[in-house]
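Here is a quick tour of one protein model, written for someone who would rather look at the picture than at a table. Keep the viewer open and follow along.

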Amino acid sequence: MTILGRITKDAAVGSTKDDRKVVNFSIAINERYKPKNGASVRVTTYCNCSYWITKKVARHLQKGTLVEVSGRIYVKAYVSKDGIAKASLN
């Protein structure tokens, strides 16, 4: 799947247990539509992204940058600290 959006905050480089590096960042996908007989509606969807090839790309992934990403997409369901069921798009 290919997604176009803006980075919500500067990318961060993390490490796995076996010391592999991963670049983590989040993008906001903004859409606008106008329903029949209604006012314009703006919808923002957030997607958490991980880049595994090289950590050097992190310096280019700064807040507000428009990016196009492609890869697998999945939904992660979890329970928050306050006991509420939530989900994230990754």
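## Surface and charge

The protein exposes about 7,100 Å², and carbon and sulfur atoms supply 52% of that area. Accessible areas here come from the Shrake-Rupley method with a 1.4 Å probe, and for residues only the protein chains shown count as cover. Before going further: this is a predicted model, where local features need pLDDT of at least 70 and side-chain atom pairs count only at pLDDT 80 or more, while totals for chains, interfaces and linings use all residues. Residues are numbered from 1 along each chain as its sequence is written, and side-chain values use heavy atoms, with hydrogens and water left out.

On the charge side, the protein carries 17 positive and 6 negative charges, and their mean positions are 4 Å apart. Lys and Arg count as positive and Asp and Glu as negative, with His and the chain ends not counted. Each charge is placed at NZ of Lys, CZ of Arg, CG of Asp or CD of Glu.

## Overall build

What does the secondary structure come to? There are 0 helices and 7 strands in the protein, giving the pattern β-β-β-β-β-β-β along the sequence. The radius of gyration is 16 Å, well over the 12 Å that the globule rule gives for 90 residues, so the protein is more spread out than a compact globule. Helices (H or I, at least four residues) and strands (E, at least two) are DSSP runs, numbered from the N terminus. The radius of gyration is taken over C-alpha atoms, and the globule rule is 2.2 Å times the number of residues to the power 0.38.

Along its principal axes, the C-alpha trace spans about 55 × 35 × 20 Å. Buried residues make up 23% of the 90 residues; buried means under 20% relative accessible area, exposed over 50%, and partly exposed in between (1.4 Å probe, protein chains only). Of the contacts (heavy atoms within 4.5 Å) with a separation of 6 or more, 47% come from residues 24 or more positions apart.

## Two buried serines

Start with Ser26, which is found in strand 3. Ser26 is buried, with a relative accessible area of 13%. A polar atom of the Ser26 side chain lies 3.5 Å from the backbone oxygen of Cys47. Leaving aside neighbours within four places in sequence, Ser26 is in contact with Arg6, Ile7, Thr8, Cys47 and Asn48.

Ser88 sits in strand 7 (residues 85–89) and, at 16% relative accessibility, counts as buried. The Ser88 side chain makes a polar contact with the side chain of Asn90, at 3.0 Å. A polar contact is a pair of N or O atoms within 3.5 Å; within protein, one must be able to donate a hydrogen and the other to accept it, and residues adjacent in sequence count only if both atoms are side-chain atoms. Beyond four places in sequence, Ser88 is in contact with Asn48, Tyr74, Val75, Lys76 and Tyr78.

## Positive phi in the loops

Most residues other than glycine have a negative phi. Asp19, in the loop between strand 2 (12–15) and strand 3 (21–33), has a phi near 65°, a positive value. Asp19 is exposed, with a relative accessible area of 53%.

Asn37 also has a positive phi, near 60°. Its place is the loop between strand 3 and strand 4 (41–51), where Asn37 is exposed at a relative accessible area of 83%. Asn37 and Ser70 are 33 residues apart along the chain, and their C-alpha atoms are separated by 35 Å.

Is Ala11 buried or exposed? Ala11 is buried, with a relative accessible area of 17%, and lies in the loop between strand 1 (2–7) and strand 2. Ala11 and Leu61 are 50 residues apart along the chain, yet their C-alpha atoms are separated by 5.5 Å. Outside four places in sequence, Ala11 is in contact with Val23, Asn24, Phe25, Ala58 and Leu61.

Ile84 is found in the loop between strand 6 (75–79) and strand 7, and counts as partly exposed at 43% relative accessibility. Not counting residues up to four places away in sequence, Ile84 touches Tyr78 and Val79. Ile84 and Gly64 are 20 residues apart in sequence and 30 Å apart in space, C-alpha to C-alpha.
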